[in-house]
Structure formats: structure tokens, C-alpha cells
Amino acid sequence: MNQPINPVQQVDFAFYVIFGISIVLLFGITLIALFMVYRYHHERHPKPEKLKDNVWLEVVWILLPSLLVMAMFYYGWIGFKALRSVPEGAMQVDVVGRMFDWSFEYPDGKRSNVLYVPVDTPVRLNITSDDVIHSLYIPAFRIKMDAVPGMDTYAWFQPTELGSFDILCSEYCGIQHANMLSTVEVVSRADFDEWLNSSTKAQQNAVALFENYGCTSCHSLDGSRGSGPSLLNLYGTKHVVVTPDGTEKTIVVDKQYLREAIYDPNKLITKGYPAVMPSYKGQISEEELAVMIGWMTGEIEEKPDGKAVMENNGCLSCHSTDGSIIVAPSFKGLWGRDVVLTQGETKVSKKFDAKVFENILRHPEIVKEGDWNVMMPVYDSFTPEEIEAMAEYLKTLAVDEEEQNRENQ
Ligand SMILES: [Cu+2]
């Protein structure tokens, strides 16, 4: 059958072949050398002989090393091929290395700092870096692959047992390099699905759901007409639908209607459209449906969790939240205190608030709060909601005056 070759075994096999050959050579050469020292000692063998044109000897010393090197190459090549041949249908996870953490993103947009994978499933890691060169090192799965900014590399593995396995960075990338740690959590299929679906608010991205279920190939999300009506501003509108027996009636789009339109689309067909929408009953869970309907009614404003946003983007590997110094100023007590910013040539002192925060995030070079050994990366892909959520979180870390006075005493 087409059972994929698990690279772990192939890599180990190549290692043992080379190790075995090396051991044989070590003992073989040492023993022969000792034997020669004894046998041809000048007392026992005073007259050196001249050896010339010994074809037999030449054949052996050319052939034997060649065969050994070819064997090593052969098994190394098999291991290399196993490492590079990703089985079809492998689960895709995008891996981004940045100072100083790893971020794993799943096809539905869910992001995590820990690599959760289901057991017995091949996983393809698409690896890149946001800043400098890192190297994704997962010893248990014999993976060590550089993460290079601007370049995509890949690796794959297939976990065969449950457990937790270390992830490290094996390319020195800065002052917190040694703490660029994470784990692979191999869990059962059921646990994995549960984890994947139990999204936090920030990750329950309705738009991602519409895209992943293919809704957007027929429905636009921006009001334009596709082969189905746009899902934007649908809620609350009145329109004519046709029942299966051909009668027409006017309905107002409410939650119940939306639910039926997705779970049982052929019960009421919107006039002017073909009855081509498939039923999603049994495919879309109640929770996902709630998110989709929430998007259409505008009820779920997706409010991201500021702390989670920071964790997922590595802010907390440089900035602590408890006043301690990792490699940058702590977030504790930052809100409301004066920070020194440069404006062109001049230095200004500003009270830290949401506006200052946004400014710093977009132009980290304006902060000069001391001599730090690392540089704050530039982040330009945050949504305004995410920035607001982070600001909200910073606000919760403000130190009020009483507390500050107590600390000063
Ligand atoms: Cu690194």
C-alpha cells in the first residue's frame, strides 16, 4: 500500500548505518594499526620491503571505501527523501518564527503558540520568519528547519503516540533565544477537533467560516450579487420566497429564517435565484452557525482578547506584565505614565494612552526609553479592533497612584 515512510525511522536508520560503519572502521583500523606496530617492529622486521604494483591491494582499498561511502549515501538519501516527501492530504500548519516565540496557524485561521496535532496524522509545517533567521527544532520528530524571513521552507512529521514533545529554536536569534520554546501536543483526533473548535472569540472568525465552508464562492460579504444573494445587510430585509409547491410569500429575514436557509435551504427559495445551495445540516455545528448568524445580524462584534493578541504576537516574550524586566520595559504601570518619545530632533514626554500606544506600535523607533539590546519589531497587520483590545489590556495593568505611593515608601 501507499503507506508514507515515516522520516523518523529513516533518519534513525541512516544514523545507525553510519554509526555502525564508523564503529567497525574504528576498531578495524585500530586493531590493524596495533598489529602492524607489533608485527613490523624493526627488531622483528629490520628490513623494510618495497611494495609495488600490487593490483589486488589497490582494488581493495579503492573498492572498499567506495562501497562504504556509497552505502552511507544511499541510506542518507532515503532518509532525506522521506524528510522531503510530504504525503498527500497532510494537515497544513503555517509556522512563523519571530523574536522570541513560535506561532502556529491552522487552515481555519486559528492561531496558537503550542502546536496541537492529532495522533497518526501527517502534518506539514510551512515555515517562515517575521524578523531574523530562526530554526525550528523538534528533536522527537527529527525536524530541524531554518525559518528564514521572506522565504518559505517546510518540514513534515507524523506523530504515532500521544504526548508532549519539545520545540526549540536552534539558530541564535537574539537575547531571548534560549526562551524561544514551545511544545508539540499530540492528542487524540477527538480532543484535537474539540480544541480546534473551541475557539476563543478572537479566533472565531465568522468570515473565515464563510470562506472555509465555501459560502463565499456563491455569496459575497460586501453587498454585491453573486450566484446567491449577498450575506451583508440581509438581516431584517423583506423579500419574496417560493415554497416547494410553488406558492410565493413575503417574509422578513430573521434568525430562524437564516438558520433554515443554511440547514434546510430548499424549504424556501429566494425568488430570482436558482435552488442550488446545498444543505449544511450535520456539517456546520450549532456553535459555528451561531457565529455566522451573529455576523449576519451584527450581534457578535468580534472583540478580540487583548492579552491573547499579545501572546500570539510575541509581545509578552519581551515585555512582562508584572513589573519585571525581560528584555524591554514592563507593561505593568505603563498606562498613564509618561513616556519619552522622539519627534524628529526633539524629545517629548507624553502620557501613555491609546493614541500614543497606536503610534508606538506603528513606529516603534519613536520610543527611546533607554538602551535596550533588542529592537521592537514593526507590526503593520493589526486590525483596529486588535489594537483597541491590546490598549484595553494595557489599561488593566495601570498602577494607580495609591499603589505607586505605597511602593515608593
Ligand atoms: Cu529564534
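Good morning. The C-alpha centres of domain 2 and domain 4 lie 28 Å apart. These bounds come from an automatic or database domain assignment, which gives domain 1 (7-84), domain 2 (91-197), domain 3 (206-297) and domain 4 (306-408).

Before I continue, please note that this is a predicted model, in which local features need pLDDT of at least 70, side-chain atom pairs count only at pLDDT 80 or more, and totals for chains, interfaces and linings use all residues. Residues are numbered from 1 along each chain as its sequence is written.

What does the contact between domain 2 and domain 4 take from each side? It takes 13 residues from domain 2 and 10 residues from domain 4; two residues are in contact if their C-beta atoms, placed from the backbone, lie within 7 Å. The side of domain 2 that touches domain 4 has 3 nonpolar, 5 polar and 5 charged residues. In this classification Ala, Val, Leu, Ile, Met, Phe, Trp, Tyr, Cys and Pro are nonpolar, Asp, Glu, Lys and Arg are charged, and the others, Gly among them, are polar.

I turn now to the cores. A nonpolar core is a set of buried Ala, Val, Leu, Ile, Met, Phe, Trp, Tyr and Cys residues joined through C-beta atoms within 7 Å. Buried means that 20 or more other C-beta atoms lie within 10 Å of the residue's own, with C-beta atoms placed from the backbone. The largest such core has 20 residues, and Val95, Leu125 and Leu136 have the most contacts inside it. Among the strands that each supply at least two of its residues are S1 (91-98), S5 (123-129) and S6 (134-138); strands are DSSP runs of E, at least two residues, and helices are runs of H or I, at least four, numbered from the N terminus. Beyond its neighbours within four places in sequence, Leu125 is in contact with Val93, Val95, Leu136, Tyr154, Ala155 and Trp156. A second, separate core of 19 residues includes Phe100, Ala308, Phe331 and Leu334.

Next, the sheet. Three strands form an open antiparallel sheet in the order S12-S11-S13, where pairing requires that DSSP finds at least two bridges between two strands. Strand S11 (residues 238-242) pairs with S12 over 5 bridges, and Val242 has Glu248 in S12 as its bridge partner.

Finally, helix H6. Its buried residues are Glu288, Val291, Met292, Ile293, Trp295 and Met296, and they pack against helix H4 (206-212) and helix H5 (255-263). Just after H6, Gly298 takes a positive phi of about 75°. Thank you.

Terms used:
A residue is buried if 20 or more other C-beta atoms lie within 10 Å of its own, exposed if 12 or fewer, and partly exposed in between; C-beta atoms are placed from the backbone.
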